[in-house]
Amino acid sequence: MINKINLDDLVIREMQAEDVDAVTDLEQSCFSMPWKRADFEDIVTRSDRIYLVAVYRGELAGGCMMSDIVGEGDISNVAVYEQYRGQRIADMLLKAMFSLGEERSIVDYTLEVRSQNQSAIRLYERNGFVTEGVRKNFYQKPTDDALIMWKRS
Ligand SMILES: CC(C)(COP(=O)(O)OP(=O)(O)OC[C@H]1O[C@@H](n2cnc3c(N)ncnc32)[C@H](O)[C@@H]1OP(=O)(O)O)[C@@H](O)C(=O)NCCC(=O)NCCS
């Protein structure tokens with residue numbers, strides 16, 4: 001892990017076309033079934049999707065996405081490079097996303113998370129998400145149930 005980061009040097013902003021390569025690498029490093037480069041190229045062109053990057057001293061540290069689905073925010077692809085974890089970067093990304101959501105009048109948010117992913121579940125619970133359902137064997141590599149979580153206004 002990188003020693004405690006200086007938060008003054010962390011920038012959270014929307015992904016630009018020039019970030020797509022780095023975001024694709026982040027996705028590959030954090031997920032067993034990563035989205036592809038073309039998926040992120042598509043996001044840059046769309047107004048119903050926001051991908052936020054956390055950049056530390058010019059290097060991508062993390063990112064997360066929200067799809068605006070008829071006024072509900074569907075959060076996905078929350079990822080922080082291993083060496084940057086445990087410093088609340090994911091927390092900051094989520095809070096930045098909620099601010100952008102507020103501008104779009106989004107009040108309810110949902111996401112899916114692996115039932116074994118304790119650090120992610122704790123992160124979401126800290127941010128007001130509550131488990132409302134389970135999809136059995138939703139994930140592969142490895143097989144796992146999905147918790148369906150909601151943060152409602
Ligand atoms: C889930 C994830 C985004 C969290 O990112 P993060 O920036 O480390 O989040 P936080 O700093 O808020 O910390 C998460 C927890 O890990 C703990 N932690 C501390 N040091 C850590 C380290 N070196 N590595 C991992 N977790 C650490 C934190 O203390 C915190 O625990 P707590 O909730 O009990 O307080 C990150 O672990 C990740 O990218 N995982 C792989 C992808 C993934 O599973 N994404 C979620 C998909 S739904």
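Ala, Val, Leu, Ile, Met, Phe, Trp, Tyr, Cys and Pro are counted here as nonpolar, Asp, Glu, Lys and Arg as charged, and the others, Gly among them, as polar. On this basis, the shell around the ligand is made up of 10 nonpolar, four polar and four charged residues. The structure is a predicted model.

In total, 18 residues surround the ligand. The closest of these are Arg85, Gly86, Ala90, Ala120 and Arg122. Three elements, namely β4 (72-80), α3 (89-103) and α4 (118-126), each contribute at least two residues to the shell around the ligand. The largest share, four residues, is supplied by α4.

The secondary structure of the protein consists of four helices and seven strands. Read from the N terminus on, the elements follow the order β-α-α-β-β-β-α-β-α-β-β. The radius of gyration of the protein is 15 Å, close to the 15 Å given by the globule rule for 153 residues, so the protein is as compact as a globular protein of that length. The C-alpha trace spans about 40 × 35 × 30 Å along its principal axes. Of the 153 residues, 26% count as buried. When contacts between residues at least 6 apart in sequence are considered, 58% of them join residues at least 24 apart.

The strands of a sheet pair through backbone hydrogen bonds, and the pairing is either parallel or antiparallel. In this protein, seven strands form an open sheet with mixed pairing, in the order β1-β2-β3-β4-β5-β7-β6. Strands β1 (10-14) and β6 (130-139) lie at the edges, and each pairs on one side only. Neighbouring strands of the sheet are turned against each other by 25 degrees on average, direction ignored.

Both kinds of pairing are found at β4. With β3, β4 pairs in the antiparallel sense over seven bridges, and Ile69 has Glu72 in β4 as its bridge partner. The hairpin of β3 and β4 has two residues between the strands, and in this hairpin Val70 takes a positive phi near 35 degrees. With β5 (residues 108-114), β4 runs parallel, and three bridges join the two strands. The bridge partner of Gly73 in β5 is Tyr109.

Helix α3 packs on the sheet, where it touches β1, β2 (49-56), β3 (59-69), β4 and β5. The direction of α3 makes about 35 degrees with that of β3. As noted above, α3 is also one of the elements that supply at least two residues of the shell around the ligand.

Leu100 is located in helix α3. A residue is buried if 20 or more other C-beta atoms lie within 10 Å of its own, and exposed if 12 or fewer do. Leu100 has 15 C-beta neighbours inside 10 Å and therefore counts as partly exposed. Leu100 and Trp150 are 50 residues apart along the chain, and their C-alpha atoms are separated by 17 Å.

Definitions and conventions:
Residues numbered from 1 in each chain as written. Predicted model: local features only at pLDDT ≥ 70, side-chain atom pairs only at ≥ 80, totals over all residues. Near = placed C-beta within 6 Å. Pairing = 2+ DSSP bridges. Axes fitted to C-alpha atoms, helices over the stretch in contact; angles between N-to-C directions. Contact = placed C-beta atoms within 7 Å. Rg over C-alpha atoms; globule rule 2.2 N^0.38 Å.
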